[in-house]
Amino acid sequence: LLLLHQHRLRRRTEYQLRDSLQFEQKLSKLSSEFINLSSEKIDAKVIDVLAWIGQLMQADRSHMFRFNWDRTEFRITHLWEAEGVRKDNIVFPGLVVKDAFPWLFGNLVNGKDVIVSDIEILSSEKSFNEYQYCREIGIQSFIILPIQIESAPLCAIGLDFIHQKNAWPREVQDRLRIMGEIVANTIVRRHAEKKSEVAKIRYRTVADFTYDWEYWENDGGTFEYVSPSCKRITGYTIEEFKTTPSLLKDIILPKDKAIWESHYHGSGTKAKPSDIQFRIKRKDGQIRWIEHVCQPVATTDGGRLGIRASNRDITERKQAEINAQRHREELTYISRMTTLGELSASMAHELNQPLTAILNNANAALRFISGDLKDFDEVNEILHDIIKDNRRASSIIKKLRTLMSKKKLEFLRVNLNEIVKDVVRLTDRETANRDVPVFLDLDNDLPHILGDVIHLEQVIINLILNGTEAMATIDHQLRELKILTMVHDKNHVKVSVSDQGTGIEEVHMISIFEAFYTTKPGGLGIGLSICRSIIEAHGGRLWAENNPDRGATVSFTVPVATGESV
Amino acid sequence: MTEIEPTVFIVDDDESVRKSLSRLLKSAGNKVETYSSAIEFLKRNPYEGPACLLLDIRMPELSGLELQEALAKKNHTISIVFITGHGSIPLSVQAMKAGAVDFIEKPFEEQTLLDAVNLAIKKDRSAKQKQADIRKIQKRIESLTRQERKVFTFVVSGLLNKQIASELGISERTVKAHRAQVMRKIQAKSLADLVRLAEKIQDYLSQD
């Protein structure tokens, strides 16, 4: 018996030695296999390992767990079961929550190994849930070792015995732990790889499926990335852009190339994003408007990795803008023509003055050189006056032609007082006709502004005519139009035109600035709306208010010319 | 009797026009005075001699029409020729109704201006002459005594000496003496002459 015992003991030692060797070999083999394993094969391999270790330990079931980051639940990620173990014995193939097994959770989460050689030791109250569960599915004995790998969720490896109890010797625990660590490492790595793969796909999707044409240009001028939208917008493929880095510049219309050239592409990393608009000629010859926004790519350590840019096809928006602008210009022009029509009597008078003087002077001159008079000094003076009046007439015609011309806004340094005076002269006859005296209160120290003379004149003419008309039904004695210029604030000057008329009814206060809104019979209803858009184009504001006593005041502000502050 | 020289007064706010008008009229032999505003002209004393006021219908502050009105109020008689711009027909009509001699539209031919000015001076002369005459007769009438004036009134109404004597309760002889005195003071050569002078100042008398 002793011999038998010794024999057994020796055999056991031999077995243990062989086993230990086998285990070491398997371990090193597994380690290298796992390292080279592609992520999609890991799961199968993990189950192989679980099978191997389960068989080695003669267990009925082996499994890997992974906790969530809160450690309130865990999930069986991989499972191996020995033949004959009924799979439906497992009641929780998936999620296990903390509340179901508080004792088990408490131990694992605190890094304590759970080693149960006989489930009867669980029969106390604190582990009663676990005890009942094991009894229900017939587990006799089990071990679960928590495995914490840095910056990874808590994992665990475990073995179950269904048909027998097991003492779980130290050696088994150690081997299990080593296997667990290898597997957990692999799973974690796989997890990270998967995460980066997902991120890669996500970023690629974000970039590739952007409606705009995106690119990332290296500082060398080549493209790191070009989004497929380039084809939709330009007709050229990604490949064409990558092989010809100058392609983008090449397809910009020659007129707009300067915009591109002057666009800041410097070498800094702190440049603000800037945007420009230019036209390109598509591969099929179509012209498209592009809005280009770009900014340097800055690395976390302050380096620079080229430029990221986004190009948007804004052709439609641009077309609408151009149409709206043209429309506005047409309206401005129509409004001006209407105003000029109203001023025709004044204009004719303005022109008649020098013509009358010229005719009189010429007739006088004829008399001075003929007959007995022969006053050549006088004739000399007359001729000079004729020249002067001729110039006066031409300047009026020139003014009229300018007012009738269809020019775009042209901003020059001007003094609003001069414009007011000119306009008052121009509307002089009109206001006199309507028996409206005009009083000027001009600030002599008014700073210059940047403005378009014709358009500003148009605004003031309109305001004067409106104010004059507003007093048509008012007693002649009360009629009075006051034009005031003053410094409004540090950066603006103000012009106000006040009448003593009927005022503006509250209900019209807002609508009078809308296009085609009019309270005048026969009015076009574009005057004030044009005035406002002209003033807004100057960067100013135009508004109306009723005077405390009677009548209304329409005022506008325009910014002071830069380089001149009040 | 030498007449005070006719003068053209120009009131126009536009310096060029004013100066050219002045020249042209001077070259045509007129005496000219210029004013740049209606108010300035109003400060001037009424001109005794034949005159023409050449007036721009539209001017700042006081317009031509307003000046016309102001002169009328002051009983300042002067023939006005308005200078109008294009399209001021309604104003011109108003001016004519208020007694203007003419209006000329800018720009105008020399002859149009000179004709208008000459006509205005002519009218002004006769108007002033008439005024002077009336004033003269008025003075003579004022020199009559109460009784003489009564006799004068009855005589021009066609009453006979006898009837006058009865009306006044005096002798026919006394009426005759008064009548001779009236004829002398009024400087009438005949009864017809006396009646004509009386007609001239009929308005004055009726006002009296």
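Reply: This is a predicted model. A search of the whole structure gives 33 salt bridges over all chains.

Me: What makes the pair A:Glu261 and A:Lys249 a salt bridge?

Reply: The N to O distance between the side chains of A:Glu261 and A:Lys249 is 3.4 Å. The cut-off is 4 Å between a side-chain nitrogen of Lys or Arg and a carboxyl oxygen of Asp or Glu, so the pair qualifies.

Me: Where in chain A do these two residues lie?

Reply: A:Glu261 belongs to helix α9 (residues 257-262) and A:Lys249 to helix α8 (residues 247-251) of chain A. The two residues are 12 residues apart, and the pair links distant parts of the chain.

Me: How do you know that A:Glu378 forms a salt bridge with B:Arg23?

Reply: The closest N and O atoms of A:Glu378 and B:Arg23 are 2.8 Å apart. This value is within 4 Å, and therefore the pair is called a salt bridge. Between chain B and chain A the count is seven salt bridges, and 12 residue pairs are in polar contact, both residues being at pLDDT 80 or more.

Me: Which elements of chain B give two or more residues to the side that touches chain A?

Reply: They are α1 (15-27) and α5 (110-142) of chain B. The most comes from α1(B), with eight residues. By class, this side of chain B has eight nonpolar, four polar and nine charged residues.

Me: How many residues are in contact between the two chains, chain B and chain A?

Reply: In chain B, 21 residues are in contact with 25 residues of chain A. The area buried between the chains is about 2100 Å², and carbon and sulfur atoms give 45% of it. B:Arg23, B:Ser27 and B:Arg58 supply 30% of the area that chain B buries against chain A, more than any other three residues.

Me: How do you know that β1 and β6 of chain A are paired strands?

Reply: Six bridges join β1 (residues 61-67) to β6 (residues 155-161) of chain A, and the two run antiparallel. Pairing needs at least two bridges, so these strands pair. A:His63 stands opposite A:Gly158 in β6(A).

Me: Why are β3 and β4 of chain A said to stand at the edges?

Reply: The open sheet of six strands has the order β3-β2-β1-β6-β5-β4 (chain A), with antiparallel pairing. β3 (95-97) and β4 (114-116) of chain A each have a single partner strand, so one side of each is left without a neighbour in the sheet. The twist averages 20 degrees from one strand to the next.

Terms used: Residues numbered from 1 in each chain as written. Chains lettered and ligands numbered in written order. Predicted model: local features only at pLDDT ≥ 70, side-chain atom pairs only at ≥ 80, totals over all residues. Heavy atoms only, no water. Contact = heavy atoms within 4.5 Å. Buried area = accessible area lost by both parts, 1.4 Å probe. Polar contact = N/O pair within 3.5 Å; in protein donor to acceptor, adjacent residues only side chain to side chain. Helix = DSSP H or I, 4+ residues; strand = E, 2+ residues; numbered from the N terminus. Nonpolar A, V, L, I, M, F, W, Y, C, P; charged D, E, K, R; others polar. Axes fitted to C-alpha atoms, helices over the stretch in contact; angles between N-to-C directions.
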